Amino acid sequence: MARVVVDVMLKPEILDPQGQAVQRALPRLGFDAISDVRQGKRFELEVDGPVDDAALARIHDLAESFLANTVIEDFTVKVEEAADVAEAAK
């Protein structure tokens with residue numbers, strides 16, 4: 001079993017009101033050195049079997065057609081190493 005992670009973020013030119021709200025709250029919480037916050041989504045997909053080029057292509061299609069609104073969002077697809085998956089399960 002492997003884990004594929006799809007990270008979805010608003011495109012840089014799209015206003016991010018949730019990120020701005022977090023950024024405005026940070027100085028009140030003592031975090032003065034953070035100059036920008038962008039909010040996004042992370043999808044962790046547990047895949048049975050090998051994650052070969054064909055599987056990654058299908059997951060890319062899934063992300064493009066279902067997980068992300070590609071008009072306003074960008075996304076990345078990456079495979080997490082087996083050691084990362086085992087560590088995250090602890």
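Asp 7 and Lys 78 form a salt bridge, with their closest N and O atoms 3.3 Å apart. The pair links distant parts of the chain: Asp 7 sits in strand E1 and Lys 78 in strand E3, 71 residues apart. A salt bridge is a side-chain nitrogen of Lys or Arg within 4 Å of a carboxyl oxygen of Asp or Glu. Strands (E, at least two residues) and helices (H or I, at least four) are DSSP runs, numbered from the N terminus.

This is a predicted model: local features need pLDDT of at least 70, side-chain atom pairs count only at pLDDT 80 or more, and totals for chains, interfaces and linings use all residues. Residues are numbered from 1 along each chain as its sequence is written, and side-chain values use heavy atoms, with hydrogens and water left out.

**Exercise 1.** Find out whether Asp 7 and Lys 78 are buried, partly exposed or exposed.

*Solution.* 
- Step 1. Take the cut-offs: buried means under 20% relative accessible area, exposed over 50%, partly exposed in between (1.4 Å probe, protein chains only).
- Step 2. Asp 7 has a relative accessible area of 19%, so Asp 7 is buried.
- Step 3. Lys 78 has 40% relative accessibility, so Lys 78 counts as partly exposed.

**Exercise 2.** Trace the salt bridges of Arg 3: which residues does Arg 3 meet?

*Solution.* 
- Step 1. Arg 3 meets Glu 44 in a salt bridge (3.7 Å, N to O). Arg 3 lies in E1 and Glu 44 in E2, so the pair ties together parts 41 residues apart in sequence.
- Step 2. Glu 80 forms a salt bridge with Arg 3 too, the closest N and O atoms being 3.4 Å apart. Glu 80 lies in E3, so this pair ties together parts 77 residues apart in sequence.
- Step 3. Check burial. Glu 80 and Arg 3 are buried. Glu 44, at 42% relative accessibility, counts as partly exposed.
- Step 4. Widen the view. Arg 3, Arg 42, Glu 44, Glu 46 and Glu 80 are linked in a network of salt bridges. The structure holds seven salt bridges.

**Exercise 3.** Describe the polar surroundings of Glu 73: what do its side-chain atoms reach?

*Solution.* 
- Step 1. Glu 73 is found in strand E3 (residues 73–80). Glu 73 counts as buried, at 11% relative accessibility.
- Step 2. Its side chain makes a polar contact of 3.4 Å with that of Lys 41. A polar contact is a pair of N or O atoms within 3.5 Å; within protein, one must be able to donate a hydrogen and the other to accept it, and residues adjacent in sequence count only if both atoms are side-chain atoms.
- Step 3. The side chain of Glu 73 also reaches the backbone nitrogen of Asn 69 at 2.7 Å.
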